[in-house]
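Here are my notes on the model below. Please read them with the coordinates open.

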Amino acid sequence: MVRNRVRRKVVTIQQYLQGLKPEVQKYCKLGYDMCARLALSQECDKHKDEDVIKYACAAACEKCEEFEDDEDGQGMILAWYRRARQQYFEKHQLPEPLDD
């Protein structure tokens with residue numbers, strides 16, 4: 001049951017990301033799978049000022065546009081995304097692709 005809700009949320013997040021301007025899509029990505037769960041449990045609003053929610057979960061919380069004119073914020077989002085990606089590949093002992 002919970003797994004299905006998370007899957008549906010991930011689809012919703014992907015649709016949200018596809019609807020963004022291309023320049024926003026460059027920095028806003030879904031990095032951590034836990035972000036979908038946090039968004040479902042209303043954590044986006046409860047903890048909106050915490051870095052993990054604000055930057056790592058910007059896509060899941062549908063807040064990417066807030067950083068459109070904030071280069072520092074964009075950099076933080078990308079840094080969290082790259083960290084999540086690196087952790088995933090290390091955990092699964094996979095070579096990390098060269099393209100971002």
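1. The link of Cys28 and Cys64 is left-handed, with -50° about the S-S bond. Its S to S distance is 1.7 Å; a disulfide here is a pair of cysteine sulfur atoms within 2.5 Å. The pair links distant parts of the chain, 36 residues apart. Cys28 sits in the loop between α2 (22-25) and α3 (34-40). Cys64 sits in the loop between α5 (51-56) and α6 (71-91).

2. On provenance: this is a predicted model, where local features need pLDDT of at least 70, side-chain atom pairs count only at pLDDT 80 or more, and totals for chains, interfaces and linings use all residues. Residues are numbered from 1 along each chain as its sequence is written, and side-chain values use heavy atoms, with hydrogens and water left out.

3. Are Cys28 and Cys64 buried or exposed? Cys28 counts as buried, because its relative accessibility is 3%. Cys64 is buried too, at 0%. Buried means under 20% relative accessible area, exposed over 50%, partly exposed in between (1.4 Å probe, protein chains only).

4. Cys35 and Cys57 form a disulfide with sulfur atoms 2.0 Å apart. The S-S torsion is about -70°, so this disulfide is left-handed. Cys35 lies in helix α3 and Cys57 in the loop between α5 and α6, 22 residues apart. Both cysteines are buried.

5. Cys44 and Cys61 are also joined, at 2.0 Å between their sulfur atoms. This link is left-handed, with -75° about the S-S bond. Cys44 is in helix α4 (residues 43-46) and Cys61 in the loop between α5 and α6, so the pair ties together parts 17 residues apart in sequence. Cys44 and Cys61 are buried.

6. The structure holds three disulfides. With bonded cysteines counted along the chain, they follow the pattern 1-6, 2-4, 3-5.

7. The secondary structure comes to six helices and zero strands. Helices (H or I, at least four residues) and strands (E, at least two) are DSSP runs, numbered from the N terminus.

8. The C-alpha atoms fill a box of roughly 40 × 35 × 25 Å along the principal axes. Of the 100 residues, 34% count as buried.

9. Among contacts between residues at least 6 apart in sequence, 56% join residues at least 24 apart. Contact means heavy atoms within 4.5 Å.
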